[in-house]
Structure formats: structure tokens, C-alpha cells
There are 4 protein chains.
Amino acid sequence: MRGYTLEQADYTRRLARIEGQVRGLARMIEADEYCIDVLTQIASVTKALQRVGLGLLDAHLRHCVMDAHDEGQGDEKLDEAVAAVERLLRV
Amino acid sequence: MRGYTLEQADYTRRLARIEGQVRGLARMIEADEYCIDVLTQIASVTKALQRVGLGLLDAHLRHCVMDAHDEGQGDEKLDEAVAAVERLLRV
Amino acid sequence: MRGYTLEQADYTRRLARIEGQVRGLARMIEADEYCIDVLTQIASVTKALQRVGLGLLDAHLRHCVMDAHDEGQGDEKLDEAVAAVERLLRV
Amino acid sequence: MRGYTLEQADYTRRLARIEGQVRGLARMIEADEYCIDVLTQIASVTKALQRVGLGLLDAHLRHCVMDAHDEGQGDEKLDEAVAAVERLLRV
């Protein structure tokens, strides 16, 4: 396992944590907590999600794209992967 | 209610939806769904979160910051609000 | 002068620096420099631009928006300012 | 030439245009133009820069990383490429 790639259990654990954070955001807003604190928490959840995304991108490039390349089908897979990066960047 | 500001019920509804999407992400990964589809979903959840953040920022500027300004305390509140925007931008 | 607000001379100096960095990017690509180094430089120029943007947002909120608020016209100015933040976030 | 990859002449032309836009930003600020208009222009320059970045990433994955993979050195190159994406995302 290399780079940003995560184990299956890491994804599960991280996403469970993010889900809890989102539930926490709802509670903060219902309790009328200070907006700036909620915004700080939103920035933190966004980062956590993006890191899961980087992990998936890393695994995807390392496995699907490379395997496709070895079978002479790498170009289509790369088109798709770079388009996914573009969506993450929201360019 | 103006601009990006949301009603309390909108925040609750949106965050419940985001929580469901995060749970869906975990299911997609467990079911070994195609990485690119998971990444597309991550981009979509991130956007939904940022929109909640914009709603909170809008309400915060329109109420807390303006009220503080009217009492001669606007500068501190603005420092804080722009710092929150910086965190959202991850500059 | 408070928060993220910059002096006129700071904007001029920072933008001159960014302009030089963009020219440097073109040179790097013409000289066929290593892509990863060019990407690192692009991330750095992007950050520098976003900081200029934060400076302008800070000044705009602190002056135009507050002045408009004092004259009972704050809401329109805030709509506009939050829409500008949205464009910076590329939500 | 596929996907987001650009020709050398495209990079040169795009970066020359971005350089002109940055010079335009300095002029707008010196002429005291409306902050919101300057912010809109900053969002546009940022997008243009990110697109150049996507083009370079695309070319890098398609050439350097694939060539390295064919020689059994793909993993190091992928570590580096995903770290570059992370910097672009500013996670």
C-alpha cells in the first residue's frame, strides 16, 4: 500500500467520522451555536472529504488506470481520471 | 430572508441529506463501486457542504456583523468573518 | 488598516510579483521543466491571487458594505459580496 | 493529443493571456474600480490557471508516469503526481 491509498477499513472509519461530524453540524445549528465555529467545522469536514477523495484517486490511478494502460486502454481511463480531478477542483 | 441565507429548517434538511450522502459514500466503497463514481459523489457532497457554509456566512454578515457594526464593534467581527472565508477557500 | 485589508501599494507590489510568476511559468514550460515543479508553482500563484482577493473582500466589506448599511442599503451590497465569495470558492 | 493535454503553443498562449489579465487586475485596482468586479476577474484568472494545471497534470500522467510504470518505476511517480493534485486542491 503506497502514497495516499487507504485500506478499506480506513475509508469506512473515516467516512463514519465524517458522518458524525455532519450530524454534529446539524446539532450546532439547531443549538444556535456561533456561526464562525460552524464554518470552521465545515472547513474541517470538507478537508476530510477531500482526503478520502485523494485516497480513492491514488488507488484508482495505481490500479485501474495502470492495469488499463498495460492492456493498451490507458488513455480512456486517464481522460476519466483527470475529469474527476477537475470536478474535485471545481474549476 | 435574503441572498444565500437559509431558514433553520433548510439547514436541518440539507445537512440530513448530506449525512445520507456520506453514508452512501461508505456503502459505495464497501460495495467496491467504481472509484470515479465515488469521486463524483464526493465532489457533489463537498459542493453541498460549501453551500451550507455560504448560507451561514451570509446570515452571519447580515446579522452578527451588522449588529456589531451598529454598536461600533464591527471591525473585530469582520476580522473573524474574513478569516472564516479564508479557511473555506483553504488558501 | 485592519485584518486582511492591504494598502494600495501592497496590491501593486503583489500583483507585479504574480505577473512575474506567471511569466516564469511560461518560461518553465518552454524550457520543458519538470511538470511537477510547474504544478507546484501554479499552486503557489493561485494562493497568491486568492490572498489578493481576500484583501479586496476584506476592504470591500469594511468600507462599501458598511457604508451602504449605514445608509440602509446594506442588503444589496451583501448579496453581491456573498456571490463574490461563491465565485472565489467555485462552488 | 488527448483529454486535457495541451500543445506547447496552447500553454504559451494561455499563460500570455493570464499574464495580461494579472496586469489588468493591477490597473483595475489602481483605477479604484469596483471591488466586486476585481474579485470576479480574480476568480476568472484562478480558473484559467487551474486549467493550465490540469493540462500539465494530464500530460504528466499520460507520459512521464506511464513511461515510468513501463519501466517498473510507476509508484514513485504516482506518489508525486497525487501530492501535486493535493497542492492544487489545497486540502
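## Chain contacts and a helix in a predicted model

In chain D, helix 1 is followed by D32(D), a residue with a positive phi near 60 degrees. The model is predicted, so local features need pLDDT of at least 70 and side-chain atom pairs count only at pLDDT 80 or more, whereas totals for chains, interfaces and linings use all residues. Residues are numbered from 1 along each chain as its sequence is written, chains are lettered from A and ligands numbered from 1 in the order in which they are written, and side-chain values use heavy atoms, with hydrogens and water left out.

**Helix 1 of chain D.** Helices here are DSSP runs (H or I, at least four residues), numbered from the N terminus. Helix 1 of chain D covers residues 8–30, 23 residues in all, and spans 33 Å from its first C-alpha to its last. That is close to the expected 33 Å, where the expected span is 1.5 Å times one less than the number of residues. Its buried residues (under 20% relative accessible area, 1.4 Å probe, protein chains only) include Y11(D), L15(D), I18(D), E19(D), Q21(D) and V22(D). Further along, G24(D), L25(D), A26(D), M28(D) and I29(D) are also among the buried residues of this helix. The cover over the buried residues of helix 1 of chain D includes helix 2 (35–70) of chain D as well as helix 1 (8–30) and helix 2 (35–70) of chain C.

**A residue of chain C.** T46(C) lies in helix 2 of chain C. T46(C) counts as buried because its relative accessibility is 1%. Leaving out residues up to four places away in sequence, T46(C) touches T46(D), L49(D) and Q50(D), a contact being heavy atoms within 4.5 Å.

**Two interfaces.** The table sets out the buried area, which is the accessible area (1.4 Å probe) that two parts lose on being put together, summed over both.

| Interface | Buried area | Share from carbon and sulfur atoms |
|---|---|---|
| chain B and chain A | about 3600 Å² | 75% |
| chain A and chain D | about 2700 Å² | 67% |

Between chain B and chain A, 37 residues of chain B are in contact with 37 residues of chain A. On the chain B side, I29(B), L39(B) and L49(B) lose the most area to chain A, together 16% of what that side buries. Two salt bridges (a side-chain nitrogen of Lys or Arg within 4 Å of a carboxyl oxygen of Asp or Glu) are found across this interface of chain B and chain A. E19(A) and R23(B) form a salt bridge through their side chains, at 2.9 Å from N to O. Helix 1 (8–30), helix 2 (35–70) and helix 3 (74–89) of chain B each supply at least two residues of the side that touches chain A. Helix 2 of chain B gives the largest share of that side, 17 residues.

Between chain A and chain D, 26 residues of chain A are in contact with 26 residues of chain D. The count of salt bridges between chain A and chain D is six. D75(A) is joined to R62(D) by a salt bridge, with the closest N and O atoms 3.1 Å apart. The side of chain A that touches chain D draws at least two residues from each of helix 2 (35–70) and helix 3 (74–89) of chain A. Its largest share, 12 residues, comes from helix 2 of chain A.

Definitions and conventions. Buried < 20%, exposed > 50% of the residue type's maximum accessible area, 1.4 Å probe, protein only.
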